[in-house]
Amino acid sequence: MKKILVANRGEIAIRVMRTAKKMGIKTVAVYSTADRNAPHVRYADEAVLIGEAPSNQSYLLGDKIIAVSKSLNVDAIHPGYGFLSENPDFAEACEENNITFIGPRSKAIRIMGSKLAAKDAVKEYNIPMVPGIDEAITDVKKAKDIAKSIGYPILIKASAGGGGKGMRVVEKEADLESQMNRAISEATSAFGDGSVFIEKYVTSPRHIEIQVMADAHGNVIHLFERECSIQRRHQKVVEEAPSSVLTPELREQMGEAAIKVAKACDYVGAGTVEFLLDDDKNFYFLEMNTRLQVEHPVTELVTGTDLVELQIKVARGETLPIKQEDLNIEGHALELRVYAEDPLNDFLPSVGRLDIYKLPVGKGIRVDNGFEEGMDIPIYYDPMLSKLITFGSTREEAIQLMIKAIRAYKIEGIQTTLPFGAFVCEHEAFRSGDFDTHFVKKYYSKEALKAKHKDEAKIAALIAVKHYMEEQNKLRLPNN
Ligand code: MV4
């Protein structure tokens with residue numbers, strides 16, 4: 001493998017190219033007209049303009065990207081996350097054109113793209129799943145019977161859904177029919193597939209996911225968990241590894257279950273198996289993401305691995321260079337997603353120019369970044385600017401480092417979620433480790449953030465006054 005094309009943009013394009021360069025592999029960037037001056041374009045050995053700003057005219061054009069790959073003698077395509085990364089037709093088109101898709105085979109992507117197909121694939125493997133049904137349901141009477149036997153509240157989910165789209169909580173039988181009809185019509189218009197199914201609603205779960213890695217020779221390992229419960233409207237905000245609630249026994253059980261999920265679909269490459277953990281620490285398999293995830297760096301830091309390097313090695317057909325027993329968790333890592341969104345204005349995208357943009361640096365601080373000072377933020381794509389990642393020997397140390405790094409990160413010209421990140425890191429519920437997926441809804445409001453700012457301004461003013469008085473006193477002191 002001599003040349004890799006990265007079919008993505010921003011921080012993840014740069015992240016992938018960094019490892020390719022380290023391995024002596026040439027890199028090709030693709031870009032849209034909106035990204036002419038983007039850092040990922042300059043970072044690559046070669047770069048090709050593939051279309052207009054909207055992603056359906058550029059980063060989503062699989063055929064065009066394959067044509068570019070062929071003309072530049074590209075050996076493999078890394079899709080990053082989002083865009084074409086979980087598109088089985090694209091993976092298949094790569095396979096047919098003799099270009100290595102750095103990811104699982106199309107079959108695994110297809111199975112895991114459907115929640116019902118995923119449930120079906122793993123059913124012989126004894127993996128804990130939330131009580132519910134494993135087939136699409138349209139008959140309301142049947143749905144009522146099932147809901148009664150599971151017990152309310154229940155959750156209606158779209159089989160083709162993702163990121164919480166098409167989910168509806170039903171508290172009582174009287175609401176079931178209308179909610180079910182809504183879920184079906186929503187799923188039909190959003191995904192072109194109206195299949196919905198029913199699960200028991202787990203009311204205050206934690207979201208814990210397991211990183212897996214598989215080679216093409218049947219070896220599968222897990223690289224422990226990431227805790228991703230701190231999210232806002234299904235958008236993750238802070239992720240960490242390890243989770244403060246898993247015991248070594250539970251960690252091993254979840255890891256084993258994740259490996260079985262990967263084996264159930266003949267998985268190859270990096271993947272993530274999502275679980276819910278309830279109050280009694282029962283875990284349930286939810287779904288599998290068949291890509292490298294945004295939050296992969298926290299796993300890299302606590303396991304001392306380079307997940308992109310492992311992806312490339314297994315894509316070249318190599319045997320996994322590490323065994324399960326070689327792996328252990330050392331230290332604690334946190335990741336904060338930094339978005340160009342205004343936390344004081346309903347997290348609306350904050351457009352404009354990065355007048356000042358200075359990254360924090362230092363031991364234990366990693367920033368996976370896709371932007372630089374002077375750039376305009378394109379409105380066409382996800383507004384994530386970077387990921388701020390800290391690593392310490394303990395959770396407390398990683399949190400302190402994160403607060404310090406947020407303060408040292410200088411951004412002017414636009415609003416960002418940095419203050420929101422500080423709010424989370426300084427919150428008692430976060431620090432104690434006692435939180436669930438409702439953290440943001442429960443504790444965050446713009447008033448709470450403003451109040452925190454006010455207190456900080458007051459303290460800063462008091463310190464300044466105290467300092468001033470001390471200086472005055474010194475001046476008045478007689479010489480001795
Ligand atoms: C659930 C659930 C409670 N009970 N399933 C949301 C996204 C999708 N991946 C699955 N999700 C959920 N499924 C049952 N049976 C609660 C959620 C959920 C959630 C899960 C993970 C992280 C954040 C979440 C926020 C709200 C709801």
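Analyst: A cavity is a set of grid points where a 1.4 Å probe fits but cannot get out, and its volume is the space filled by probe spheres set on those points. Please keep in mind that the model is predicted. Sorted by class, the lining of the second largest cavity holds 7 nonpolar residues, 7 polar residues and 1 charged residue. Two domains share in this lining, for domain 1 (3-102) and domain 3 (206-446) each contribute at least three residues to the second largest cavity.

To set this space in context, a search through the whole structure turns up 4 cavities of 30 Å³ or more. The largest cavity contains about 80 Å³ of space, and the residues that line the largest cavity are Arg232, Gln235, Lys236, Val237, Leu336, Arg337, Tyr339, Glu341, Phe347, Thr417 and Phe420. The classes represented in the lining of the largest cavity are 5 nonpolar, 2 polar and 4 charged residues.

A pocket, unlike a cavity, is an open set of points, and the second largest pocket holds about 340 Å³ of space. Its lining consists of 17 residues, and the ones nearest the centre of this pocket are Ile406, Arg407, Leu418, Pro419 and His453. The elements that supply two or more residues to the lining of the second largest pocket are α12 (395-408), β20 (410-412), α13 (418-426) and α16 (446-476). That lining divides by class into 9 nonpolar, 3 polar and 5 charged residues.

Helix α3 (residues 62-71) packs with helix α4 (residues 88-96) at an angle of about 25 degrees, and their axes are 10 Å apart. Because angles under 35 degrees count as roughly parallel, α3 is roughly parallel to α4. Helix α7 (residues 140-150) and helix α8 (residues 173-191) also have axes 10 Å apart, but they pack at an angle of about 135 degrees, and α7 and α8 are therefore oblique to each other.

Notes: Residues numbered from 1 in each chain as written. Predicted model: local features only at pLDDT ≥ 70, side-chain atom pairs only at ≥ 80, totals over all residues. Heavy atoms only, no water. 1 Å grid on protein atoms, 1.4 Å probe; cavity = no way out; pocket = protein on both sides within 12 Å on 5 of 7 lines; lining within 4 Å. Nonpolar A, V, L, I, M, F, W, Y, C, P; charged D, E, K, R; others polar. Domains from an automatic or database assignment. Axes fitted to C-alpha atoms, helices over the stretch in contact; angles between N-to-C directions. Helix = DSSP H or I, 4+ residues; strand = E, 2+ residues; numbered from the N terminus. Parallel < 35°, antiparallel > 145°, perpendicular 65-115°, else oblique.
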